[in-house]
Amino acid sequence: MADARVLPAPERATTATAPEQLLLSLQRAAGNRAVTRYLQRDDDPADAGATAGAGAAPVRQEEDAEAPPDRPASRLAELDEMLDRFNTPEDEVIDLLGAMGPDDKRTVIDSYRDRLVGCLNGGEMLRAVANLHPPLRTALDWIDAAALFTSAIDYSEIQGLVTRADSDEREAVGTNHYRDIFVKVCDNSTMITALVDLDFPWEKARQWAREEGTGTLDLARGLARGGRITVSDMEEFLNAVGEGANVAREHLRGLDDDTLADLRAEPAAGDVIRDELGTAGAPVLSALAGEISSGEAMITNSEDLLAGDTTGPFTLMHFGGDQRFNVTYRRNGVDVAVGVALTAADDRARLLLPAAKNIWLGRIQAAWGSRFQLTNGQRTIPLRFQVSLDAGPNQVNAHSGHWAWPKLNAGNWFVPDHEQVPEQEEAVSQAPVHEFGHLIGNVDEYSRTAEHYVQVTRQPLTSRGTVAETDTAGVTRYTNALSLMGSGTTIEPRHCDAILRWVNQNLRANEPAFSVVA
Ligand SMILES: [Zn+2]
């Protein structure tokens, strides 16, 4: 009711204190008979009883100045009389319940359960509650109590009760007690209809469906068709799940970002994958989470370096090996996981290895992490590195002592040794930053022939930072003095080429290729 204090004083006075106003409006709305009944109501209850014409003693409605003036007289006495008969006239009882006024109905709902359950069977109780309009939970309890076998009732017989109930009433039957009644009444198909009608939150609908034995996929389909799941791609997604994990994953990969985000926000989507596909659903869940592709990249490096001093002829030395890393291309970033299994080659290396790992990990992350992005005109996403020096497919031996080229390489690192080799402490702390570059597929950019130098750096021999050295036989080698993969420290976009190649080989259909940008 509105707060009377906000009403203008004169109007409030008029409506509250002038019965003649009420009579006039009643006359306009309901005619003279209503006015007459209103005027007789308090003075002559016997007249009201006579108009009911049932011969039973009329029971006066409780006094209420605001009640409608033509409110019917109570017919509870009639009901009592019928229920007291040795042979209860069930049809008449049911009809009477429908003819009763709201006060009588409330009384019946509050106090007549046992008497009605005692004389009506399940089918009769269905008709009785349809006439009486009790709260949904009351209707269900009375039907369940009256029916010999609630399971013999079809959902279509109680559907009207459910669809007429308001959201509070429907929420009130969301307990296990009422779930058991619905499970008795419903089959696999009608449980879905019931859950559309009940409009429960997804998780409760899913629990009820599971209790019935109804599949989560079928439930979601029903809720989508019934307008209870309105996310735009739901029906197409469910059809794809019905086709299996591969089709479902491809479907999700192909969605645009916004549609996928909407689908991911709908809790039914993940549950359908889990319940319908089981362990085979793992890659589908990943696709729902935004993964486009994931897998291992294996790079076989092979390079020839012109080794030795310029005081003599260079000697050609060959290096190579397999490097492995995992790439996960997500809609919001590319994650590269590089795992290294370090093995101490001697006792001192074993002693110093834990501290060395921390140093190396920090240096590698500082140099490579959060440096580049991938862009293809549709999306620009960060390139992120997850480095583990505790385990992984790349085997590296950790040595102590002095090192001299080429003993330190992608497969052999030297632990920093502050006490015994302080002059190389910084060099061997930093070297794995370069070696990490090998692990993600790069070759060296020093001591290369002219042809290889241009090939590897994609720069001309005249480019800035290029250093040329010629041996006694007139052979010239080239080193990039700026690049991390040469003799410098700069990490260039080309140093992510192997990662880029993998991503570009695992794009979505019709997706433009990426490039690496700083
Ligand atoms: Zn190297």
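Helices here are DSSP runs of at least four residues, strands are runs of at least two, and both are numbered from the N terminus. Counted that way, the protein has 25 helices and 10 strands. Keep in mind that this is a predicted model. Of its 518 residues, 31% count as buried. If you take the contacts with a separation of 6 or more, 63% of them join residues 24 or more positions apart.

Let's start with helix 20, which covers residues 267-277. Which of its residues are buried? They are Ala268, Ala269, Val272, Ile273 and Glu276. Around the axis they span an arc of only 135°, so they sit on the same side of helix 20. The general rule behind such a pattern is that an α-helix has 3.6 residues a turn, so residues three or four places apart point the same way.

What do these buried residues pack against? The partners are listed here:

| Helix packed against the buried residues of helix 20 | Residues |
|---|---|
| Helix 15 | 202-212 |
| Helix 16 | 216-225 |
| Helix 17 | 234-242 |
| Helix 18 | 245-254 |
| Helix 19 | 257-265 |
| Helix 21 | 282-288 |

Helix 17 deserves a further look. Its axis and that of helix 20 are 10 Å apart, and the two pack at an angle of about 15°. Angles under 35 degrees count as roughly parallel, and helix 17 and helix 20 are therefore roughly parallel to each other. The crossing of helix 17 past helix 20 is right-handed. On the helix 17 side, the contact is made by Phe237, Leu238 and Val241, while helix 20 brings in Ala269, Val272, Ile273, Glu276 and Leu277. Sort the residues of this contact by type and you get 7 nonpolar, no polar and 1 charged.

And what comes just after helix 20? There you'll find glycine 278, with a positive phi of about 60°.

Now for another spot in the chain: leucine 161, which belongs to helix 11 (residues 155-164). Is leucine 161 buried or exposed? A residue counts as buried if 20 or more other C-beta atoms lie within 10 Å of its own. Leucine 161 has 21 of them within 10 Å, so it is buried. Setting aside neighbours within four places in sequence, leucine 161 is in contact with Val129, Leu136 and Ala139.

Key
Residues are numbered from 1 along each chain as its sequence is written. This is a predicted model: local features need pLDDT of at least 70, side-chain atom pairs count only at pLDDT 80 or more; totals for chains, interfaces and linings use all residues. A residue is buried if 20 or more other C-beta atoms lie within 10 Å of its own, exposed if 12 or fewer, and partly exposed in between; C-beta atoms are placed from the backbone. The arc is that of the directions from the helix axis to the C-beta atoms. Two residues are in contact if their C-beta atoms, placed from the backbone, lie within 7 Å. Axes are lines fitted to C-alpha atoms, for helices over the stretch in contact, and angles run from 0 to 180 degrees between N-to-C directions. Angles under 35 degrees count as roughly parallel, over 145 as roughly antiparallel, 65 to 115 as roughly perpendicular and the rest as oblique. A crossing is left-handed if the near helix is turned anticlockwise from the far one by less than a right angle, and right-handed if clockwise. Ala, Val, Leu, Ile, Met, Phe, Trp, Tyr, Cys and Pro count as nonpolar, Asp, Glu, Lys and Arg as charged, and the others, Gly among them, as polar.
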